[in-house]
Every structure is written in C-alpha cells, then in structure tokens.
Amino acid sequence: MSNMNLSEQEQIRRESLDELRKLGINPYPAAEYKTNAFAQDILDNYAPEKNNFQDVCLAGRIMSRRIMGNASFAELMDSSGRIQIYARRDDVCPGEDKTMYNTVFKRLLDIGDILGVKGHVFKTQMGETTVHVDEFTVLSKSVRPLPVVKEKDGILYDAVTDPEMRYRQRYVDLIVNPHVRDVFRKRTQIIQSMRELFNSRGYLEVETPILQPIPGGAAARPFITHHNTLDMPLYLRVANELYLKRLIVGGFEGVYEFAKDFRNEGMDRNHNPEFTVLEIYIAYKDYNWMMSFTEEIVKKTALDLHGKTEITYGDKVINLNPPFKRISMTDAIKENTGVDISDLDEDDLRKVCDRLSVPHAPEMGKGKLIDQLFGEKCEHNYIQPTFIIDYPTETSPLTKMHRSKPGVTERFELMINGREIANAYSELNDPIDQMERFQDQLRLSEKGDDEAMFIDLDFVRALEYGMPPTSGMGIGIDRLTMILTNQPSIQDVLLFPQMKPESQKAKVESKKEDYLEIGVPEEWIEPLKNLGFTTVTKLKEVEKHTKLHQDICGYNKKNKLGLKNPTQNDVKAWLNLN
RNA sequence: CGGCCCGUAGCUCAGCUGGCAGAGCACGUGACUCUUAAUCAUGGGGUCGAGGGUUCGAUUCCCUCCGGGCCGACCA
C-alpha cells in the first residue's frame, strides 16, 4: 500500500470506504436513485399548514455536519441549493441494530459525500426548513477533503479565493462558491436569449469548420496543426466569417453560429486563446439595420437576465437601453483629441501620433495609424454603449466601401465599458473589389504586417457566383458575459480558462526489482521511498550507512510499522560499502 | 517580454531582526435528542513551491527555476 503519500484525512476517508464495504454498503452504487424534490423548491414552497413535502426524496452533497448524540444535522447541497437534513437514531434505525446511525451516519460519512435521503419536511424550533430523514443511501463516497467554507448572515468564512485553485480545479470552485455556478448559468442564459431571438426570426443555426486550410476572416495569428492522412497543415479557425458568407451565397437568408475561435496571442483579463463569438449574417440588410438589431439583441439579453437594462459593472453603471450613441471614427478622434484627421495623409498622421505620444511603427499604413489613434486615445472612454462607425478601408478588407464617404467602409464596432463587444459590416460582395483587397493585404504582409489576412480564393469564387447584399456581425460572448454578470476577468466567465500545466513532478522511481537486487528486503522498499530514496541511485549516494540505519529504525518506530530492523551490516551491504 | 506581489497543515492565514513550525476551521477519540460559523473535553496532522548559496544554524537573507496574480508591452 502506498497510503504513506496520502494525507491523514485522505487515509481516514479510505478507511471509512473499506468499513462501508465491510458493512455491505456499496459506496459507489450503480442503480438509478429516483428523487422527487429539489432543495430550493422545498425551501420556497414548504408550508407547515399545507402539510406538503411529506414524502420527499432528494440527493446531494453533504456540505456541513453537526453531529450530536442521538440526533444530528447536516446540510445537503443539490443543483438548486442547500437544505438542512435532520437524522434521528431511532428513525433511521427503527430496529435493534443502530449501526446505520451510530456508525455509518455519524462516523463514516464526511463532508463532500453524495447522499440520497428519503423523509418528510418540517420546521425546526429555530424555524429552519429541514428534511427529517427516515432513510438514507450512500450514493458516492468522497475520499478527498473539500475546502470547508462556513457562512453566517451571508458572510463567508475561509472562502476559497486562490485563483489558481479556482481555475484549475473549477469543480471545487463550483461546489464551494455558489455564486460561481450562477455566473455560468447566466452565461448559458445569455446565449439562449440570443438563440431564441434568432430562431424566432427564422435564422438558421449552423456549424462550420474549426479546422481550416486557410485561417481567414480576421487578422490574427492562428494555431497550426497537421493532418496526417492529407499530410497538410490545418489551422484552428480565428473566425468563421468566410464560411458563413458562403452559406449566404448558397441561399440561406440568415445564418448564425456560436463559434469557438482560436488566436495564438497574448493572454490577459480580456483574452483567452480560445473564446466564443456569435457571428450572424443576414441577407438584404446593411450595417444601419444591423446596428438596430444589435441594440435589440443587447437589450433583450439584459432584460432576460436582469429584468432591466441598467446594469452595474465594477464601480460603473451602464445603461443598455437603446438607442446607443453612434459616432464615426473620425468624429470620435476629434471628440477625444481635438484633432480632425479627415484630410490628413500618412505623414501627417504620423506627426499627430508623435504629438499625442501614440506609439506607431513604420510598417503601419494610414488605416493602421488611425486605428492606433483610436485605440490609444478614444476606445477606453466609451463606457456607455456606443457604435463607432465608418472604419478605414485598409483595416477592413471584408467590408463594403461607404456608400457616400470616400476612404472609409460601412463598418461599426460596439463599445461597452471601453472595450469592443461587437464588430459588424455591410459585407463586401463585389468579387473583384474583394480580390483587390486581398491583394492589398498580401502587400501589407510583405511589408511586415504579420496580421494581414490570408487570401481565400475559394471565398472569392463564391462571391463571383453572386452574394446578396448582406450585413454580418460578431459579438464576443465572453466579454458580453463579463459585462452582464459583473465579472472582472475573462477567466471568471470561462469554465476552464487556459492555464499552464501543473508541474507534474516527474516521479522517477526505481522498480521493486532494483531494490531487491541490491539486497533490500521487500518490506523496506516502501519505507525507503518515503524517506526520499525513490531510486536506487539516490540510496547508493548515502555516505554514512550508520546514519541511514538510524533513519530507518527511527522511521519504523515512528510509524509503528512493527518491522524487524535491519542490522547496520545489512544496510552497509545495500550500499555496497564492504 | 518587463516591473511589483504571492506560494507555510485538507482550507483560510499568522510566523517580527536567522534560533524547537503556529492559530481558526476541518480531521480522530469521548460527551450531548431541534443544532446551525453547534458546543464541551482531548488528540493527531508539515518535503514551509523546487533546487542551489551564505551561515554553527535558513520558513526567514541571496541566486536560479516552477506556478499564480496585478500593472505595463504585444495582441482587436
């Protein structure tokens, strides 16, 4: 047994496990456990005068225990919430045999175990709604102690806050931090709200490739992988835009996808290597229509979630009630810096950047410089929802030229809390223009812009067959969820945020045979490993066999192993010091 | 990639100027039939993230590494 590596509490729980088995109780039963109640439903709806919930069966995890002599309390947590249970010896054990109460309930159960209970609901003298247990079933034994979080008057004591624990072991976070489950329920609800809206309009939810031969649709560094059979590189998608537009070419009027995208870039509180984007494309619409639709989407999700459009994010109050402010990028820069860039050329823009100490690089073109000015000086100021419209052509290669303003495209981004939440265009559907824009991107790429877009010739071919005028939009679901659930970091709205792997201590251990070969009796192998001599080599590095002998005898005594101590000469022989 | 901070019992955290490793909860044993951060008594539990250095002596000081957080850079 290598129980020596387990903590005391883990060992005790494993012993309880064995004891349960000896009592004929399977700690991991296979059978379905039919419940007929949830904790929250009981708490909300139990009324003594109605005499309801008198034959309930529920299942959940033991979260706390208050063990007394012949009666005990515990708290059971199911998916809906927590409820107190009350077990009395003579109710649980009506006959002579009191084992189920005295031994199983009081001694062998632990915080963290999954338990099923049958009984009736009552109110205690203290007024707490409680399930009086007539019968209980061990449904799953927990052999690893859970962090114990106590709570009184809504204040948590010893709450688990260590981010590493919370993100790496999200299952623990979800168990002991109930509000975390709420966040993820809300995340799903946000997506459901949108899906309802889209489906009610007859738009089609689709799935498009995640493994793409050309990572198109956005300017970003992709993850690359390799397909063995085809012997070719494949990329994890950075966007699904080009595929959805192919479907509009194919004749669907509205298509959407909740897509995981992947970008091989930095990680911080707003960026995770994989993230979720809703992209939606609708034929015969333009970006003006899409702005109104975006307002409707945001308003609906907020209302469905909170019943109001005014939300709190950190120390800010944000009102998501439409209409949202609309301002062109040029006007936004004027509003925030006082500089009118509408007639400036590339050199002038550089001077403006220098004057405002906005960093820029030689390979940046006019569009990039404008983008840079906006990003540095304007973006963070738009706390209330604001549409920034009419982006430079250079950085918008998939967007239709503006119908009346030269040099800009029909594109908008929605800013909330100073961050981009949505991005949309009147989609470029002129195949010849599209091909030229792709070639411009190629030139930028040759100039050193490593995030210029790849050319997708098949996409151009699709446009050549004719795509109806279309507007498309993408919403960053993670960021929207952050705002709607008041979470400061993207890691708080991702169930399993990306983390560096834990250092799995590469445990190189010598085999049993290796120890036997140098003369160590089998019974001493485990103790030696626990003393740190996990390999024969390490053992042989010992210089004083007398010291090792002392350690071994001491270990034997301390752990009450009752083994026969080796002689000094035995130990000397293992080390080959003769 | 740079700056700052953190890593000690299952969990939350103390540990001062280098001198036997601490508390609360949890856990074990005993008492207790409506408790609720249950209570009372009592006991056990540690590779102080890893490795190296200085020192008679390192959880503490120095260096390297690993992991995490915040801020910045990059990145829509």
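**Figure 1. Gln169 sits in the loop between α5 (163–168) and α6 (170–176).** Helices (DSSP runs of H or I, at least four residues) and strands (runs of E, at least two) are numbered from the N terminus. This is a predicted model, in which local features need pLDDT of at least 70, side-chain atom pairs count only at pLDDT 80 or more, and totals for chains, interfaces and linings use all residues; side-chain values use heavy atoms, with hydrogens and water left out. Residues are numbered from 1 along each chain as its sequence is written, while chains are lettered from A and ligands numbered from 1 in the order in which they are written. From Gln169 to Tyr28 the C-alpha to C-alpha distance is 22 Å, and the two are 141 residues apart in sequence.

**Figure 2. The largest cavity has a volume of about 50 Å³.** On a 1 Å grid over the protein atoms alone, a cavity is a set of points where a 1.4 Å probe fits but cannot get out; lining residues have an atom within 4 Å of a point. Grid points are joined across faces, edges and corners, and a volume is the space filled by probe spheres set on the points. The lining includes Met63, Arg82, Ile111 and Leu146, as well as Pro147, Val148, Val149 and Val176. Seven of the lining residues are nonpolar, none is polar and one is charged. Here Ala, Val, Leu, Ile, Met, Phe, Trp, Tyr, Cys and Pro count as nonpolar, Asp, Glu, Lys and Arg as charged, and the others, Gly among them, as polar.

**Figure 3. The second largest pocket holds about 370 Å³ of space.** Of its 17 lining residues, Thr330, Ile370, Pro406, Gly407 and Val408 are the closest to the centre. A pocket is an open set of grid points with protein on both sides within 12 Å along at least five of seven lines. Helices α10 (329–337) and α12 (366–377) each give at least two residues to the lining, and the largest share, three residues, comes from α12. The lining has seven nonpolar, six polar and four charged residues.

**Figure 4. Confidence in chain A is lowest in helix α19 (residues 545–558), at a mean of 57.** It is highest in strand β8 (residues 204–205), at 98. The score is pLDDT, the predictor's confidence in each residue, from 0 to 100.
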